[in-house]
Amino acid sequence: MLGVGPNRRALARFVAIAALLALPVTGSAQTQVPPDALASFEKAKADADTGNWQAAKVHLLNVGKIAPNWREARILQARTALMLDDGEMAEDALRIALEQGEKPGNVRHLLGHALFLRGKYEQAKKQLSAGDIPRGDLPYAARYLAKTAAALQDLPLADAAFTAAFKLDSKNPALWTDLGRYRLSLADQGGAIAAAERALKIDANYVPALLLRGETVRGQFGPVAALPWFERALGEDNTNITVLAQYAATLGDAGRATDMLAICRQILSRDNKNPDAYYMQSVLAARAGRYKLAQSLMQRTKGKLDDVPAVILTQGVIAFGTGSYNLAAERFRRLLAIQPDNRRARDLLARSLYLADDAKGVLEAQQAIGTGSGYAAWVSARAMEQLDKRSDAAKLLDVAAVHGFGANPVLPGGSAIGQLRSEARRQPDNARAVIPYIRALVGTGQMGEAFALAQRLQRQNPGVADAHILVADVAMVMRRWDVAIRALTDARALRYSEGVMLRLVESQRQSGRWTQAGEALSAFLNQNPQNVAALKLLAYTHLDAQNWTAARDLFERLRQRLGHGDPLLLAALAQSYLELDRADMAELVARKAYQIQPSSPVVSHVYGLTLLEQDKAPRDAYALLRKAVQITPGNTAFQRALKRAQAKNIIKGTEKQKT
């Protein structure tokens, strides 16, 4: 979402200001250039010498008005524009210089850079790979050829160009930073971290490298740990919009909403059309339930961030919050096309279609992407009932009846296993071909081959967190908890994401390592205090430990943030209130949960208990408690509650009511 902006001081060294200032101004040229233009040109060179590119740009615009065909001034203008990431101005200036007789080879590296900034990648590649570039400009050209190849997803060319660039200029922090971003684009977190650290060894104050290290630290440890890196970068350049945007986003993730808002306003004071600042404010408004305001702020991004998964999710949440369920479903479908394993998006899609009265759409989505949580399964079952598919609905209701929260293990692949096998064998080193085959093997119970292939990918990609996660997923299905924990520990060192945390906590609990599980959850929450999944997991942990007040407070906090759509969360909140002798409040919450998902044994049980404790509606209480036992007859807690009801002579009372 956020690119690397120019660093006024450090990037100036890369472009070699000394050479820039030595641009030839011949005696004949001086006689042809008006004095005002010459004076502005000298001021521009002085500003460039100090890295004040914005001031240099203004002076060169004045030169262009007075002496539009002055070749040397146009080249300096192009270099200045490139420092400001203005590819259009740079390209225009270079075209004029070429028209005035500049040799193409002398400016191909600059023109390639300008075309790269404008997204004209094929044209940029042609310029940057030409054979007439002077030797002194080859490192520059190789660097931008590598960036262009990466943008084109031509990985062999990118690798070759980076290799050539390092042979020519291995002590360039900009080049190491570019390599780090390239590795990050390939999900090679370990390689990105190493490259960022190498760049900072060369220049400890290089802003793009500080920015990259901040982003990698945020992935490794969390937003709180990353903040000092962004603050260091701002200490070097407090006007850098890219750094300010990343700093604001990280403040938001760290729970410092007020500080985030202040930085967003600072960004907009410098760039009143900045889409990132409007998007972050939209997220804050959506979290506060102010969906109309969130929608208005999102519209001000002008669609510039519409391909970013987090933005698509927020757009869907806003549409859902404003009651535009069909639009919300469209957004969640789009997100699932990018992130097919996003369980939250699956649940939101199912709920949106259900509320839009699109039963057929619910089933089509379920067939295409599967169900997410028990709630999504329940929605699909209700849709089947509406379409008179009651047998299929009953099967899904059995799935929906068992709630679960925690890790999201590897999912079976959707394509025919034979086709996936052929692709995997044809491209054994291509993770994109092998991973779907591994998933299909898991889905068909062929665990040995799946595990061997996952371990092979892990060995080939030690710096890629996803490779370790895949091994853990297969190991968890095989209930090899020690193997899963080792793989997840390796993944955590590279990227301690929500998914890694959930899997790690689950594996540690399953292996009886309760203390380590608590430490893993605590470490994640210390860095990600706003993370919903972690807060839910902590709340359920308090519930299991009978820390009723702590559980109640956390579930209330989650309800205020998420609304009333999660029946399991509401049932847990009702149980907390019940244990705190607030049966009246517990009943209100439990009733709402039951309205959403009456097929859940957990919800039925808690709702029945709230009535039982108040000696209220004994017939309903007994029916609810018996229903929970009928759905899950092996649950001893449900059985005990039903016996309590029987001991209170509720059965006899209901019989009297019947007569």
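Predicted model: local features only at pLDDT ≥ 70, side-chain atom pairs only at ≥ 80, totals over all residues.
Ground rules first: local features need pLDDT of at least 70 and side-chain atom pairs 80 or more, while totals for chains, interfaces and linings use all residues. Numbering starts from 1 along each chain as its sequence is written, and side-chain values use heavy atoms, with hydrogens and water left out.

**Helix pair**

I looked up H29 (residues 465-477) against H30 (residues 481-494) and got an angle of about 160° with the axes 8 Å apart. Helices here are DSSP runs of H or I, at least four residues, numbered from the N terminus; axes are lines fitted to C-alpha atoms over the stretch in contact, and angles run from 0 to 180 degrees between N-to-C directions. That angle makes H29 roughly antiparallel to H30 (over 145 degrees).

Next I checked who touches whom (contact: heavy atoms within 4.5 Å). Residues of H29 including His468 and Met476 meet residues of H30, among them Trp481 and Asp490. The contact residues divide into 13 nonpolar, 1 polar and 1 charged (Ala, Val, Leu, Ile, Met, Phe, Trp, Tyr, Cys and Pro are nonpolar; Asp, Glu, Lys and Arg charged; the others, Gly among them, polar).

**Aromatics**

I found 10 aromatic pairs (ring centres of Phe, Tyr or Trp, the latter by its six-membered ring, within 6.5 Å; planes under 30 degrees apart are stacked, over 60 edge-to-face, the rest tilted). Phe116 and Tyr121 are tilted, at 5.9 Å and 55°. Tyr540 and Phe555 have centres 5.1 Å apart and planes at 65°, so I logged them as edge-to-face. Tyr540 sits in H33 and Phe555 in H34, 15 residues apart.

Notes:
Helix = DSSP H or I, 4+ residues; strand = E, 2+ residues; numbered from the N terminus. Parallel < 35°, antiparallel > 145°, perpendicular 65-115°, else oblique.
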